[in-house]
Number of protein chains: 4
Amino acid sequence: MKVGIIGSTGYAGAEIVRILLNHPEAEIVWYGSRSYVDKKFASIFGNMVKLVDNVCMGENISELAKMADVIFTATPQGLCASLVSEEVLSETKVIDLSADFRIKDVSVYEDWYGITHAAPGYIEEAVYGLCEINRDKVKNARLIANPGCYPTCSFLSIYPLAKEGIIDMSTLIIDAKSGTSGAGRGAKVNNLYCEVNENIKAYGVASHRHTPEIEEQLSYASGENVVINFTPHLVPMNRGILITSYASLKKDVSEDEIREIYNEYYKDEYFVRVLDKGLCPETRWVEGSNFVDVNVKVDPRTNRVIMMGAMDNLVKGAAGQAVQNMNIMFGLEENTGLKMVPMFP
Amino acid sequence: MKVGIIGSTGYAGAEIVRILLNHPEAEIVWYGSRSYVDKKFASIFGNMVKLVDNVCMGENISELAKMADVIFTATPQGLCASLVSEEVLSETKVIDLSADFRIKDVSVYEDWYGITHAAPGYIEEAVYGLCEINRDKVKNARLIANPGCYPTCSFLSIYPLAKEGIIDMSTLIIDAKSGTSGAGRGAKVNNLYCEVNENIKAYGVASHRHTPEIEEQLSYASGENVVINFTPHLVPMNRGILITSYASLKKDVSEDEIREIYNEYYKDEYFVRVLDKGLCPETRWVEGSNFVDVNVKVDPRTNRVIMMGAMDNLVKGAAGQAVQNMNIMFGLEENTGLKMVPMFP
Amino acid sequence: MKVGIIGSTGYAGAEIVRILLNHPEAEIVWYGSRSYVDKKFASIFGNMVKLVDNVCMGENISELAKMADVIFTATPQGLCASLVSEEVLSETKVIDLSADFRIKDVSVYEDWYGITHAAPGYIEEAVYGLCEINRDKVKNARLIANPGCYPTCSFLSIYPLAKEGIIDMSTLIIDAKSGTSGAGRGAKVNNLYCEVNENIKAYGVASHRHTPEIEEQLSYASGENVVINFTPHLVPMNRGILITSYASLKKDVSEDEIREIYNEYYKDEYFVRVLDKGLCPETRWVEGSNFVDVNVKVDPRTNRVIMMGAMDNLVKGAAGQAVQNMNIMFGLEENTGLKMVPMFP
Amino acid sequence: MKVGIIGSTGYAGAEIVRILLNHPEAEIVWYGSRSYVDKKFASIFGNMVKLVDNVCMGENISELAKMADVIFTATPQGLCASLVSEEVLSETKVIDLSADFRIKDVSVYEDWYGITHAAPGYIEEAVYGLCEINRDKVKNARLIANPGCYPTCSFLSIYPLAKEGIIDMSTLIIDAKSGTSGAGRGAKVNNLYCEVNENIKAYGVASHRHTPEIEEQLSYASGENVVINFTPHLVPMNRGILITSYASLKKDVSEDEIREIYNEYYKDEYFVRVLDKGLCPETRWVEGSNFVDVNVKVDPRTNRVIMMGAMDNLVKGAAGQAVQNMNIMFGLEENTGLKMVPMFP
């Protein structure tokens, strides 16, 4: 399998490289990077010295489409939409790590992202690549909308209860925390070491772009029109997303019964780990891996359930899930090249 | 003013020392520490070299009560309750940083803390030292229950809306994040550098001991019996608490109107800063100081208000508020010795 | 005393603000910042909300010179040199935190900094403001070259042995480690959180600009032409500099005798703390303060002495020492407004 | 290959587990842990949930020796020496990650470690498992003394110049920096998050136990009796060792010529990366991998060479090198199961 990466010098793009270097079936043939054309990839990511000899390439999508069996676009919003075309999709498959094709209602996309969609005609065709849910559709897709980091962790930790109609969706609140790699590699004062270190803050309160993506997927799961509060926070660490969600119970179920539902839903999922009773997911236990750890706690005092999930934002939240999608699209075992053991400490 | 500190070699106790060294009216006469009796205080806290020559003392409360005008107890739960007596309180004032006298209903205390209260007779007399609220009672108190870190930040960021009856208290959810100094200086594997660094986790979900303390105070404010969800998280940083709270609006008020209420409530408070519209409190902006930064965001999509607060857990959440209480008790300006400018970065 | 700060929105400039807000004799009348003209200072440094109401000003040096008794320039290399003039120095005093006036040989300056000096005529007059050494000259100076962070900590930890002729200066090697605030607040990829966190590296090996500054001062102390190796390292922390220096002993002296020399040299210095035998300086014990902690270890196996120093790079290494110089220039107690107790943790 | 690990619940032991789970030829049959007998390994290291089902075992060396083809001992000093015997070594191979068999002169070991060696009779037989140097001896060894973390990184970054007689060994100074996982998982106040974070310190100055190990190996390489200064520092990060070494040049060689020597020495070594001219090794580029990055800088002003190395202390400095030794002992490709790509950020 020949792979091209557009945007290989961002954190998510470079993580695709890290993963694919140990993938038995994939070979990277194109290290795309608008900012570093003609520079050695390993001069930008020093971890790749002696592992990657290639230089970075520009964005010649026609040439790349001919060379590659699959293209990953790990690029800013809008870029992938400007690249896809029948010509491209007839030659190769595209897995887009941006939000361009995640939201079915183009007006919602344009409202929240503040840009005009360049290829609305492909939104319908694109498959939302949350592998555990849409595995069958992914198999035959040409264009994958790889889910956002917050949505993946939020959704997988809430899904069984949304699907089973056990929680009152109108009470759902998602409080999320992310490591700083989620903010990307752009040179901004707010992301400097001294600004992030020894600090925690909420951001994008009641306005973060992942909100409609989460709402759409939870609406499919629950069969209702879901509107939520979603509050992300920036945490002084490199990697990791932690989700703490709250909802009122609609039915009289115990914590054990709820945990039984989770165990049933995820019993065949390699990448979802339902933790033992009483354990809270922690990002340190998933770092560097494609795992999502989930668990729940029922509070009888308030009749609420607290749903928790932990994940590596760059792996299951970006590059790892993208490779998982690739594996499905090409008929490989879903965890091929993705058995990285979480690295601790 | 002569000051004794019992438990001076914990993080909160040492922070009282840091603050009082620059307090114009206070002199520390007793550095109590069960673990380090006869050792130089500066040999345990190297920052105090050349500033503190004293050695640590044991727990002779009778002797100390005679020497000191005020005693701070920064000790594990139960210790202060075992020390107070009419003899002690007739000689000196006590400001207790533990939870022993914070909760009026002794059975609630004993349930959540799992210990038998050694001096229930003094609970009634003890004043809950949330200065901004109970200033008048503090003035004449002999025994202060210095509030917990999470309760202080939670309460001050929610209080105006609870008091005004603007939020539905039954919908209140508090999602809290704390730096690691809140876990104390005990040698535990879970608090080792490599266990905390690069990690975030929830803990004490639906069971944290600060829950009933927050509920009691919010019940007084709102006039209702408040039951909440409170979820603390451990963040890889030394200091700081961030509170993100959610509640449904009972009345039709705008964000501007709510901000107006906060500004009105806190207009004379030196230590509470209501941030400009749209700004989220961040712990970096209060580090080392006694400030609490608060702000709100209204989400018209869900009809909820998000209330946020940031504070240094060791200052306003412990030692600083204790000194603020001392100032009030002794008739000093409330911010005497407490004008530390937040240190950034 | 009316104070102007040019470059008040860098880390060093903002640290001058933090210190002076608690200085009993100083009032800041000018918050200069080329990048943020007309913006509220507290909108850039959120710690200053309710403490500083001023907006940032441009660089009208003539106007500022008339208003201010003293001007701090916390600006990039070359800027202060372009501002000083007889007109300015006849109206006000200037304390320059850049390197413009630190090196007496202008050709050395121009070689290492790669810029042409705009005001070489003032180099001779400028006093190198290492207070502990040049106190007397500082008193009457109009123009102070405030020492660099690495030079201050290096020099104070080595000075007694250089002065006493006890070490072979040709064997001196300085291995230095600094927190990230030393790299400034410029938006550069290399200073992003994810690039600095979980990393340590050497930089400027055999080429760092502080080398000639250290060499010049050690040459004065030792009476020899000193040439050294100086290697700085970037450490994932906000503040702090640690110096570990190595030199061969020329004389047969014991560790106790050497420590006696240090104690003698620094016995009247408020800001220099010679630690107890066997203790190594640590940056955590000086954070936020103007202290320098020093100590030595003699290794009889190699006949070398290891000289160590720890300091807060933004305080004694920049803003604190600048204020210390101001105090001397205006006849105040040297530690006025500088008695900040180190903050730990 | 059946593998037993004694001390599997320390950081180094758990890192062996992480690596071997992706090793195609190894199966772990014994998770030894004195502290956690009968507890599930995955309940102690949450990253291993769903990957390791085993419970921890005690220290029955006879039983283990029969089950395992190779035993790793990742245990405190002295333990391995107390376990080895002819009975054990006739049944299995032992790779000891402690220092028990690293130093050939038992009196030097006993002096620096302060314990009596329990099995001095096996010191002669034990092979010092620095793979790049002693590969041939490792092949047939029964007992491997796996090198220390600091010695591995120090030695590999200095070796070519020591071997070639280019540096004056009497001038060699090694200034080392390590992440905190090197301090182990014991519950000690000094290793708590708040004590390590925002701090750097030297420790074990002129007395660290790795000193004689480095000296012995450099003595073999140079043919001289080497005595050095070695100063380790503790850095607030989880993983990584950085070495900055200084020595005077004995010969008139340029930086290019020296780099040529390094390239020649390491041209066939998979795990040693000689960086491009001018680049300084950084720990972030090797994290999680078995690579050692090295480079040199010549300073003509002082006629010294600065030799630098970066490495993951838990991988090439412990578990990775142990597995590398295992691969050699069992005739596998040396990098089998060790092709982990460094994880960044």
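Reply: Happy to! Let's start with one pair of residues: C:Leu234, in strand 9 of chain C, stands opposite C:Lys201. This is a predicted model, where local features need pLDDT of at least 70 and side-chain atom pairs count only at pLDDT 80 or more, while totals for chains, interfaces and linings use all residues. Residues are numbered from 1 along each chain as its sequence is written, chains are lettered from A and ligands numbered from 1 in the order in which they are written, and side-chain values use heavy atoms, leaving out hydrogens and water.

Strand 9 of chain C covers residues 229-234 (strands are DSSP runs of E, at least two residues, numbered from the N terminus). Strand 8 of chain C, residues 201-202, pairs with strand 9 of chain C in the antiparallel sense over two bridges (pairing takes at least two DSSP bridges between two strands). Strand 7 of chain C, residues 173-178, is another partner: six bridges join strand 7 to strand 9 of chain C, and these two run parallel. Within that pairing, C:His233 is the bridge partner of C:Lys177.

How many residues of strand 9 of chain C are buried? Six of its six are, so the strand is mostly covered (buried means under 20% relative accessible area, exposed over 50% and partly exposed in between, with a 1.4 Å probe and protein chains only). In a regular strand, side chains alternate between the two faces of the sheet. Here, C:Asn229, C:Thr231 and C:His233 lie on one side of strand 9 of chain C, with C:Phe230, C:Pro232 and C:Leu234 on the other, and both faces are covered.

Notes
Helix = DSSP H or I, 4+ residues; strand = E, 2+ residues; numbered from the N terminus.
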